[in-house]
Amino acid sequence: MNTTTWYQTFFDGLATRSWQQALPASLTEAEVLFILEKTALPPGAGVLDVPCGFGRHTLALAERGYAVTGVDISETYIRQLSAEVETRNLPVRLIHGDALRVPLGGPYDAVICMGNSFGYAPEPVMRRLLRRLGAVTKPGGALVLNTGVLAETLLPNLKTSAEYQTGDVTMRIRNRYHPLQSVLETSMTFVRGDETEEKTAFHHVFTLAEVARLLRAAGFDRTEAYGGPDGKPYAVGDYAYLLARRR
């Protein structure tokens, strides 16, 4: 299993189209309101969105006047997002590349890491990523991390297979959990008309306590866990929204 670098080539083609059509605008709005409420960002504050994907949070925050830097490894997403930013004349800086390697700029008042992006690689890599994020977060600044692949979230809800319709793309998934490695292997088939793509994703599964320890090691503390963008307390099985502060 190549569980460390799979994400470097995953996000193109039908996979990017499917992701872009999967999430409703109402969820983005709720998540942005959650971010603003929990971080208490001042007007015009600097925000790092990593990875920014197709920019649903980047655009929504920039529309509210925040200076957003978006980083993503997908050339497809960055190209689309660049055109959108230019058309709408938004205060956004975009960086194409792996957040583990490219300069991230900063310092920022807040950093957001949304949409199951945490856990793309093993613990040493995630530790390095969080240290990089800590280094570009202002003292007292916030990190918001959102994931559905915490152990407490994933394992009670794990399905071996499922099918989803995201706009004009059908996505079929097959899950296999490797307990000795704490890795979720997901085989995906994307279909649109006569087009078909086969891809495999790997998520390294951490407990909430393990993520909190990694955050502390990266210079963050006071980790809070919520079970949704409505701010309810986290409970086992909930999609997790974590908030931490830079020491």
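**Exercises on a predicted model**

**Exercise 1.** In this predicted model, 4 strands form an open sheet with antiparallel pairing in the order S6-S7-S8-S9; work out which strands stand at the edges.

*Solution.* Begin with the order of the strands, which is S6-S7-S8-S9. Strand S6 (161-166) and strand S9 (195-204) each have a single partner strand, so these two stand at the edges and one side of each is left without a neighbour in the sheet. Finally, look at one pair in detail: strand S8 (residues 183-192) runs antiparallel to S9 and is joined to it by 10 bridges, and Thr-186 stands opposite Ala-201 in S9.

**Exercise 2.** Decide how helix H2 (residues 13-22) is placed against helix H5 (residues 75-88), and describe the residues of their contact.

*Solution.* The two helices pack with their axes 10 Å apart, at an angle of about 50 degrees. Angles of 65 to 115 degrees would count as roughly perpendicular and those under 35 as roughly parallel, and therefore H2 is oblique to H5. On the H2 side the contact is made by Ala-15, Thr-16, Trp-19 and Gln-20, and on the H5 side by Thr-76, Tyr-77 and Gln-80. Sorting these residues gives 3 nonpolar, 4 polar and no charged.

**Exercise 3.** Find which residues have the most contacts inside the largest nonpolar core.

*Solution.* This core has 49 residues, and those with the most contacts inside it are Leu-48 and Leu-133. Helix H6 (residues 123-135) supplies its largest share, 5 residues. Beyond its neighbours within four places in sequence, Leu-48 is in contact with several residues, including Thr-69, Tyr-108 and Leu-133.

Methods
Residues numbered from 1 in each chain as written. Predicted model: local features only at pLDDT ≥ 70, side-chain atom pairs only at ≥ 80, totals over all residues. Heavy atoms only, no water. Core = buried A, V, L, I, M, F, W, Y, C linked by side-chain atoms within 4.5 Å. Buried < 20%, exposed > 50% of the residue type's maximum accessible area, 1.4 Å probe, protein only. Contact = heavy atoms within 4.5 Å. Axes fitted to C-alpha atoms, helices over the stretch in contact; angles between N-to-C directions. Parallel < 35°, antiparallel > 145°, perpendicular 65-115°, else oblique. Nonpolar A, V, L, I, M, F, W, Y, C, P; charged D, E, K, R; others polar. Pairing = 2+ DSSP bridges.
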